[in-house]
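Here is a friendly walk through a single protein model, written for someone who likes to see the cut-offs. Please have a look at the model first, and then read on.

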Amino acid sequence: MNLVGVLILICLPSLVSSQYKPTWESLDARPLPSWYDEAKFGIFMHWGVYSVPSYGSEWFWYRWKGNKLPDYVEFMKQNYPPNFGYADFAPMFKAEFFDPVAWADLLTKSGARYFVLTSKHHEGWTNWRSNVSWNWNSVDNGPHRDLVGK
């Protein structure tokens, strides 16, 4: 199966089975898919508003505003004006170099057997238009395009 096929399989909501319950015991009983279990190399990518400051990880907002970790607070003081908020990063997330065909080609050439894009993270930003995330998604803000479906 090629990388695009794997992406399609990952995205199909019909793959979610009702045989599992929202408990650790039930979830731990599910088998690993063979495409995942047999792969020697795969890529998980986190990409969103937290990519703009290019500091830390996808937990940037939480470490800056939640934990108030000193290095994150200091980074913001040194690089952004006073009263700059996390939402102010959204218009700066432009994805101007995003070329899904080139990415798929590069990922395939890397030898990755699967690729998982974390397209919505804990701070709520979605990389597609979302009717439950108005103005906090990649279509209404930032790049003004669907980064998952097209």
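Is Asp-105 buried, partly exposed or exposed? Asp-105 has a relative accessible area of 37% and is partly exposed, where buried means under 20% relative accessible area, exposed over 50%, and partly exposed in between (1.4 Å probe, protein chains only).

A word on the ground rules. This is a predicted model, in which local features need pLDDT of at least 70 and side-chain atom pairs count only at pLDDT 80 or more, while totals for chains, interfaces and linings use all residues. Residues are numbered from 1 along each chain as its sequence is written, and side-chain values use heavy atoms, with hydrogens and water left out.

**Salt bridges**

Searching the whole structure gives two salt bridges (a side-chain nitrogen of Lys or Arg within 4 Å of a carboxyl oxygen of Asp or Glu). They are set out below.

| Pair | Closest N to O | Relative accessibility |
|---|---|---|
| Lys-109 and Asp-105 | 3.0 Å | Lys-109 64%, Asp-105 37% |

Helices (H or I, at least four residues) and strands (E, at least two) are DSSP runs, numbered from the N terminus.

Setting aside residues up to four places away in sequence, Thr-126 touches Ser-119, Lys-120, Ser-133, Trp-136, Asn-137 and Ser-138; contact here means heavy atoms within 4.5 Å.

**The nonpolar core**

Which residues have the most contacts inside the largest nonpolar core? They are Trp-47, Val-49, Phe-60, Trp-64, Met-76, Tyr-86 and Phe-89, in a core of 23 residues. Such a core is a set of buried Ala, Val, Leu, Ile, Met, Phe, Trp, Tyr and Cys residues joined through side-chain atoms within 4.5 Å. Helix 4 (60-66) and helix 5 (70-79) each supply at least two residues of this core, and helix 5 gives the most, with three.

**A nonpolar patch on the surface**

On the surface, Leu-32, Tyr-36 and Phe-44 form a nonpolar patch with about 300 Å² of accessible area together. Tyr-36 belongs to helix 3 (residues 34-37) and is partly exposed at 32%. Phe-44 belongs to strand 1 (residues 43-46) and is partly exposed at 48%. Beyond four places in sequence, Phe-44 touches Tyr-36, Tyr-114 and Val-116. The C-alpha atoms of Phe-44 and Thr-118 are 7.2 Å apart, although 74 residues separate the two along the chain.Patches are made of residues with over 30% relative accessible area and no salt bridge, with like charges joined within 9 Å and nonpolar side chains (Val, Leu, Ile, Met, Phe, Trp, Tyr) within 5 Å. Accessible areas come from the Shrake-Rupley method with a 1.4 Å probe, and for residues only the protein chains shown count as cover.

**Positive phi**

Ser-54 is not a glycine, yet its phi is positive at about 50°. Ser-54 lies in the loop between strand 1 and helix 4 and is exposed at 64% relative accessibility.
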